[in-house]
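Subject: Structure for your review

Dear colleague,

Please find below the structure that I am handing over to you. My findings follow it, and I would be grateful if you read them with the structure open.

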Amino acid sequence: NIKCSSARLSQFCWVIFVCIKGENPHKSDDLIFLYHLLLCCIDLVYSNAISAGRTDLTNPNFNGLPLNWNTPNWSTPTKPISILNILCNAGDCAPALEETLHTMEYTLKPILKRYFTESILLGDDNNFTKIIDVENFDKNFSKLNNLYDTYVLSVGEFDERILFDDYAGEPQERNTERMPATLTPQTPLTNQRYLNGRVREHGLSPVTKATQTLAKLQDMLEPYRNDPTRKLKEMFINQEVDPLPKLTERIIQLSNTFAQNYVASSLMAINRGSSRGNITSNPSSDKALSKQRLELSTFLYWRLLENILRDELRRRKTLNISQLLDHEIFHQTLFACCVEIIIFAYGSQQHKFPWILECFKIHAFDFYKIIEIVVRTEERLTREIVKLLNNIEEQILGTKAWESNSVLWEKLNNLSRRIPQSQDVALPDFSTNDSAVNNSTPISNPVVKKLSTTPNVPNSPVSFASERFQSPVNEQARKRLFPSTSAPPLPKQNERDTTPEQSESTEITVSSAESTTPPTTQVNKKNDSLGLFFRKFYLLASVRLEKLCKELQLLDNELQCKIWTCFEYAITNYTELMKDRHLDQILMCTVYAICKVCGSSDQSRSFTDIMKNYRLQPQSSSNVYRSVLISKRTDPGNPSRPEIEDRGDLIKFYNLVYVVTVQEFALKFSKNDQNVPTLSPLPVPRSPCLSPRRVSEQHALYVTSLDSRVQPKCGNCHVYKFSRSPAKSLREINAAMNNTSITRGSFKRSAENSQEEIDNGSPSPIRLPIISSEASSGKFSSKKLRGLINDRQVK
C-alpha cells in the first residue's frame, strides 16, 4: 500500500462528486446545487487529510489549517474539521454557507452512509473519516470507479472522469467556451432598452455568473428578510382596510402550492430516472430546497410590490390602490414571477418556464402583464434576469398565449368587433396628441431614464399595473375599444406652434400652461389587457419581420408593407391560424407567399432561404418549422380521448392550410391585379418615455432631442437649444422656474393672478415672456439670432 499523491486525491474527490451527482439526476442541471455539492466533497477530502495527518497534502499557507498543525504538539481531533465557512467566503462566486451546509446534511451524508453500509467505502462511518488512509484508499477508489462505470453504462451519458485524462485538455477548453452560450439567456429582439450595460465578463465561468447573480439578489433583499419595510406598511395604513393580513394569508397559500408541486416534480424526475441505477428519494431535502427558494421569493415579492405601488402613487397621488391590492391575479402573477427569478438564479433547468404556470395554474395571457412592470420598476435586476423575463414575454406573445386552452380565445370570442389591427392599438403620435407627454411621470429605472433622450428606440408603451389588471369593461366600452378610424383631436389655438428648426442638439422647453384634461377613453382602452397584448404582439411581429427581411435582403419598404398587410389580414380575419401554432410560422409563410406573388426574380425567396435566415434569430428553434400543427381530429372509436394532432413541416402547413386561407387576398398584390389593397404601415415603436420627456412634476419643463420629429405643442413657450441659443434664453427659463420677474417682456405675475391663486388654493400657470415682434429691439434680436443660426448651419 502506497500513500496517495495530491493528484490522485484530486481524482478521488472528483469521482466522489460525479458518483453522488449521479444519485441525484433530478438535480443534475441545477448549477448552484452542484457547486455546493462540489464544495462539500472538497471539505470531505480535506477533513480526511487532516485526520490522517497528511502534512504533505496540505498547503502550509492555507488559513484554514488547525492550530499546532505540522508541529510535535499536534494531536488528531476527535471530530472532523470543516472548512466550508472558508470555502464559502473565498473567490468571486462565494455561495451561502447555510445552503452549502444544507447540501452536506441532506445530500452528501445520507449517500455516504449508504456507501459505507454497502461496503462501497471503507473507513469510519460515524465521522466519515479514514477514507484516504493507506489501507483503504486504493479499495475505495477502485469501488467508486466501478460504481460510476455501472452508472455510465446504464445511463449512456459521457464519462465525466475525462476531466483528469491527459488527452482531455483541448476538448475541455472547447466545452468551456460553449457552456455559457447554453446557460446564458439569448438576448431578445424586443425590450432591449431595459438591459443594463454589458459588464466585463471575460474569464467568468457559468458557476461564477450564477453565484454572483444569486449573491446580488440576496444582498438586494436583505432589508425584506423579516417583514415588509416601513414605507410599504405606511402605504397599507393609508387604506381603509389594512391589506397586510390578507396578503400574508395569500402568500402562505401560494407558498404551500409551490412546495407541494416542487416536491412532486422532483419525485417524478426520480421515478423517470429510477432505471438508471440505485436512486433513492429524499423528500426532506426537496422540502428544504423549496423552503429556501420560497424565502427569497417572498422577500422579492415584498420589494417588487413596494416598487409597483410607489410607481402607481407617483403617477397619480390620489389613486386608490385598494382595487389593485385586492386583485387576485395581480398577486398570483407577481409572486410567480418572483419564484421564476429565484429559480433561474439557482440555475435550475428542471423547473424553468413554463413550469411556473403549471405550478400556480396561471394563464400565460395573465402572466405576461406583470413582466414589463417588474423589469421597469426594479432597477437592480441583473442583465441575465432581464433577458430571461424578456424571453418569457416573447414566448407568451409568440406561442403560449395562442394555445387552445388559453383565456385569450375567450376574450376574443366576447369581443363584439373585429380583431384590432396594429393601428387600432397603437399609441397616438406626439405630433397629434400630447396628452401622453402631459401625463408622463418620472421613471425610477435609470435605464429607462437614459432612454428618455434616445430617439428611434423600439419601445413598448409604458402602462401601469392598475391599467393592466383593471376590471373587465362593459359592453358599451368594449364597442369603443378598437375604433376603426378616429381623427386625433385638434389642438387648441393657444397650443399650436410653428415647427422649429431641426438640429442634432438638445432643447429645453417650458410650457406656459399645463393640460388638466384627463386622457381620453380611447387612450386608456389601448392600455387595457387586450389592447396592450395586441400592441405588444404586433410590435414583436414587426421586429422579427424586419430582422428576417434584412437577412433575406428584402429591403424594399413597399414589399415589407405588403408582407405586413397580408400578415395583418391573416391575424385579424383568420385568427384561428394562430391557435396552437407559432408566430414565426405565420411570418415565414407570409414572406414566402408575398415574395412569390410579386413575381420579381430578385425578390423571390425559397423556403430553404427563409428557414436558413430564420435560424439567425435568437428565439429560433428547429421545432418551429419541423413540427407544425396541420389539423386536429377526434378518435372515432373513443371520442372522450384528447384530440389527435396531425403535424408536419412548415412547407406542408403552407400548402394544406395557409395557402387555402389567404390565397385570394395575397393574389391581389400581383402586378396583374388592379385592386391592390391599401398597404398597412409597419408599427412604429414609440413610447411616452421617448422625448419630449417631462422632467419636473411642479413645472411644465420638457427636454427633447431636436433630431426627433416630436415638437413642442404650445405657442407661448420658451426654448433653449444647447450650443445654439443665447444665454439669455436660459436665464429666462430659470426665471420662470424661480417664479421671478424679468425686466424684458411681460413676465411679471399680475395681482389678478395672485388673487386667483388665493381663491383657488393652487398656483396659476406660469406666464412666460412674449417678445413683441413690433419692438425694434425685438426685430434686431430676431434678425441677429437668425443670422447666427444660419452661419452655424453653413459651417
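His331 is part of helix α12 (residues 328-345); helices (H or I, at least four residues) and strands (E, at least two) are DSSP runs, numbered from the N terminus. With a relative accessibility of 0%, His331 counts as buried. Here buried means under 20% relative accessible area, exposed over 50%, and partly exposed in between (1.4 Å probe, protein chains only). A polar atom of the His331 side chain lies 2.7 Å from the backbone oxygen of Leu325. Not counting residues up to four places away in sequence, His331 touches Leu247, Arg250, Leu254, Tyr301, Leu305, Leu324, Leu325 and Asp326, where contact means heavy atoms within 4.5 Å.

Please note that this is a predicted model, in which local features need pLDDT of at least 70 and side-chain atom pairs count only at pLDDT 80 or more, while totals for chains, interfaces and linings use all residues. Residues are numbered from 1 along each chain as its sequence is written, and side-chain values use heavy atoms, with hydrogens and water left out.

As to the chain in general, its secondary structure comes to 31 helices and six strands. Of its 795 residues, 50% count as buried. Among the contacts with a separation of 6 or more, 76% are between residues 24 or more positions apart.

Next, helix α5. This helix has 19 residues and reaches 27 Å from its first C-alpha to its last, close to the 27 Å expected at 1.5 Å a residue; the expected span is 1.5 Å times one less than the number of residues. The buried residues in α5 include Phe137, Asn140, Phe141, Leu144, Tyr148, Tyr151 and Val152. Seen down the axis of α5, the buried residues fall within an arc of 105°, so they line one face of the helix; the arc is that of the directions from the helix axis to the C-beta atoms. Thr150 and Leu153 are exposed, on the face of α5 turned away from its buried side. Helices α1 (6-22) and α4 (97-117) are included in what covers the buried residues of α5.

How many aromatic pairs does a search of the whole structure find? The search finds 38. The rings of Phe137 and Phe141 have centres 5.7 Å apart and planes at 50°, so this pair is tilted. Rings of Phe, Tyr and Trp (its six-membered ring) pair if their centres lie within 6.5 Å; planes under 30 degrees apart count as stacked, over 60 as edge-to-face and the rest as tilted. Both residues lie in helix α5 (residues 137-155), four residues apart, about one turn of the helix. Elsewhere, one aromatic cluster is formed by Phe365, Tyr368, Trp402, Trp409, Phe533, Phe534, Phe537, Tyr538, Trp564 and Phe567.

Charges also lie over rings. Lys579 lies over the face of Trp409, at 4.7 Å from the ring centre, and Arg293 lies over the face of Tyr346, at 3.8 Å from the ring centre. A charge sits over a ring if NZ of Lys or CZ of Arg is within 6 Å of the ring centre and within 35 degrees of the ring normal.

Finally, Ser75 is found in the loop between α2 (31-51) and α3 (84-87). At 52% relative accessibility, Ser75 counts as exposed.

Yours sincerely

Technical notes
Polar contact = N/O pair within 3.5 Å; in protein donor to acceptor, adjacent residues only side chain to side chain.
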